[in-house]
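User: I would like to go through the structural labels assigned to this model and hear the criterion behind each one.

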Amino acid sequence: MTTSSKREISALQDILGETLYSLRLEGALYSKSELTAPWGIDMPPMEGKMMFHILTKGECWLRLANHEDIYLAAGDIALLPRGEGHQIACDQSVECKPFFEIPATQVSERFERIQHGGNGEESLLTCGVINLDNLTARKLVSQLPPLIHITSKDSELPASLQTLSKLMEKEAETLRAGGEAVLSSLADIIVIQVIRYWIEHAPEANEGWLGALKDPKIGKALALMHDHPEYAWTLDQLSHQVGMSRSGFSARFTEVMDISAKQYLTEWRMAMARQRIMHSPVSLIELAEEFGYTSEAAFSRAYKRVFGVPPLRERRFKQLGSDDN
């Protein structure tokens, strides 16, 4: 296999761009919360999902286990990439009510309105829950901190993010016809901008998988494996594609990724295969061919090495779970 046409953009921009775009397609639920003091909401943990709060009016506190309380002012954004349970309230001492016990009005399939609290000062929150069903999204989230807090007073914030926050604040206040669609779209874009801002400014973003994507050599190798998981990549081929010696590339990849290139390719293939098994009726021979294996047996052995169970048993578990529902 040859790759005569070189990428116009870096692996970080390419893989991460596709990952961030996928978040816009996986939104589970958005809500506009009209809250009057005293109010408090206890958000349950949501594994495999990302949660965010954008405060468009008023002020509040966010409480997260093993983290200092966070004060939010109008225009602030709080992103919880791992969906950890937390509390958000008008005051640090207010008792919080479980989220699912608070009545909500369904406006559309993906948007609802919540009115909660007493007769005091009003706060407006636009909140969302985003599914993380994309493999690279999960890799990204594993490296993000439990909480990302963006304050509107940060002078280093890009003008685009400040503009989006102000636009959301104005839209949330009026919620005119079609406003729920505008708010959900704005929220999608703001979340992407927040993650991008963290990646560009946080020292931790230069480590692990994100750091590897920024590496011009290792990032290109990752992009090749992501783009063509079906190809029988060898160290010789990958090192040639990225312009390194075989031994130099092998050592550099393992140093940056803490895993060999061969093992990374196998785990990436099997993770993609598992997603296919869980979401679509596909045969083992189809999976074997799709991910570069010469037989069902070879594919099944690789799958079991990675996940500890053969793919047929994984499918059986899925079917049992569906039957229970």
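This is a predicted model: local features need pLDDT of at least 70, side-chain atom pairs count only at pLDDT 80 or more; totals for chains, interfaces and linings use all residues.

User: How many disulfides does the structure hold, and where is the nearest cysteine sulfur to Cys 90?

Analyst: The structure holds 0 disulfides. For Cys 90, the nearest cysteine sulfur is that of Cys 96, 8.6 Å away, and Cys 90 is in no disulfide.

User: What makes Cys 127 and Cys 90 count as buried?

Analyst: Buried means under 20% relative accessible area, exposed over 50%, and partly exposed in between (1.4 Å probe, protein chains only). Cys 127 has 10% relative accessibility and therefore counts as buried. Cys 90, at 19%, is therefore buried as well.

User: Why is Glu 34 called buried, and which residues is it in contact with?

Analyst: Its relative accessibility is 13%, so Glu 34 is classed as buried. Glu 34 is found in strand β1 (residues 27-36); helices (H or I, at least four residues) and strands (E, at least two) are DSSP runs, numbered from the N terminus. Contact means heavy atoms within 4.5 Å. Leaving aside neighbours within four places in sequence, the contacts of Glu 34 include Arg 113, His 116, Glu 122 and Leu 124.

User: What makes the pair of Tyr 30 and Phe 52 tilted?

Analyst: Rings of Phe, Tyr and Trp (its six-membered ring) pair if their centres lie within 6.5 Å; planes under 30 degrees apart count as stacked, over 60 as edge-to-face and the rest as tilted. A search of the whole structure finds 9 aromatic pairs. In the pair of Tyr 30 and Phe 52, the centres are 6.2 Å apart and the planes at 50°, so the pair is tilted. Tyr 30 lies in strand β1 and Phe 52 in strand β3 (residues 49-57), so the pair ties together parts 22 residues apart in sequence. Both Tyr 30 and Phe 52 are buried.

User: Why is the pair of Tyr 293 and Phe 299 called edge-to-face?

Analyst: The ring centres of Tyr 293 and Phe 299 are 6.0 Å apart and the planes stand at 70°, so the pair is edge-to-face. Tyr 293 is buried at 16% relative accessible area, and Phe 299 is buried at 0%. Ring pairs link Tyr 293, Phe 299, Tyr 303 and Phe 307 into a cluster.

User: How do you know that the charged end of Arg 274 sits over the ring of Phe 307?

Analyst: The criterion requires NZ of Lys or CZ of Arg within 6 Å of the ring centre and within 35 degrees of the ring normal. The charged end of Arg 274 sits over the ring of Phe 307, 5.5 Å from the centre.

User: How do you know that strand β9 and strand β10 pair?

Analyst: Two strands pair if DSSP finds at least two bridges between them. Strand β9 (residues 104-108) and strand β10 (residues 111-117) pair in the antiparallel sense over 4 bridges. A hairpin of 2 residues joins β9 to β10.

How values were computed. Residues are numbered from 1 along each chain as its sequence is written. Side-chain values use heavy atoms; hydrogens and water are left out. A disulfide is a pair of cysteine sulfur atoms within 2.5 Å.
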